[in-house]
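I opened this structure for a first look. My notes follow in the order I looked things up.

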Amino acid sequence: FNDTKYKEKIHKKLNKEKKRIYKKLESNDINYFPSNANYILIEPNKTKEQIIKDCENNNIIIEHENAYYDNYWSLPLGKSETNDRMIDLLSSKF
């Protein structure tokens with residue numbers, strides 16, 4: 001907590017990644033709410049069941065028990081490669 005340089009570095013990296021993901025979501029017509037956290041609330045074009053099935057079929061482990069609210073899902077952010085895989089999955093590119 002006291003290492004402010006490291007904390008700033010992580011915040012900058014996360015913000016840069018979020019902006020990149022926002023563009024990918026927009027280009028794939030996936031509605032979202034911007035966030036200050038390490039996740040983005042999205043309205044996927046797929047059902048909860050389809051997302052879970054697609055993740056399982058592609059060896060992607062996600063927290064899904066409490067991640068949904070009506071038609072919205074909290075998309076956790078990870079490494080760029082993982083985020084890209086999730087966007088591909090959500091936009092049916094798998």
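I checked Asp54 first, and it is buried, because its relative accessibility is 13% and the cut-off for buried is under 20%. The model is predicted, so I read every value as computed from it. Asp54 sits in helix 2, residues 48-57. Its side chain makes a polar contact of 2.6 Å with that of Gln50. Leaving aside residues up to four places away in sequence, I found Asp54 touching Lys46 and Leu89.

Next I looked up Ile51, also found in helix 2. Ile51 is buried, at 0% relative accessible area. From Ile51 to Ile62 I count 11 residues in sequence and 9.8 Å in space, C-alpha to C-alpha.

Then I turned to salt bridges. How many are there? The count is 4. Glu17 and Arg20 form one of them, at 2.8 Å from N to O. These two residues are 3 apart in helix 1 (residues 4-27), so about one helical turn separates them. Glu17 is buried at 10%, while Arg20 is partly exposed at 27%.

Arg20 also meets Asp84 in a salt bridge, 2.9 Å from N to O. This pair links distant parts of the chain: Asp84 is in helix 3 (residues 80-90), Arg20 is in helix 1, and they are 64 residues apart. Asp84 is partly exposed, at 24%.

Asp84 has a salt bridge with Lys24 too, with the closest N and O atoms 4.0 Å apart. Lys24 lies in helix 1 and Asp84 in helix 3, so this pair ties together parts 60 residues apart in sequence. I noted Lys24 as partly exposed, at 25%.

Last entry: Glu17, Arg20, Lys24 and Asp84 are linked in a salt-bridge network.

Notes
Residues numbered from 1 in each chain as written. Predicted model: local features only at pLDDT ≥ 70, side-chain atom pairs only at ≥ 80, totals over all residues. Heavy atoms only, no water. Helix = DSSP H or I, 4+ residues; strand = E, 2+ residues; numbered from the N terminus. Buried < 20%, exposed > 50% of the residue type's maximum accessible area, 1.4 Å probe, protein only. Polar contact = N/O pair within 3.5 Å; in protein donor to acceptor, adjacent residues only side chain to side chain. Contact = heavy atoms within 4.5 Å. Salt bridge = Lys/Arg side-chain N within 4 Å of Asp/Glu carboxyl O.
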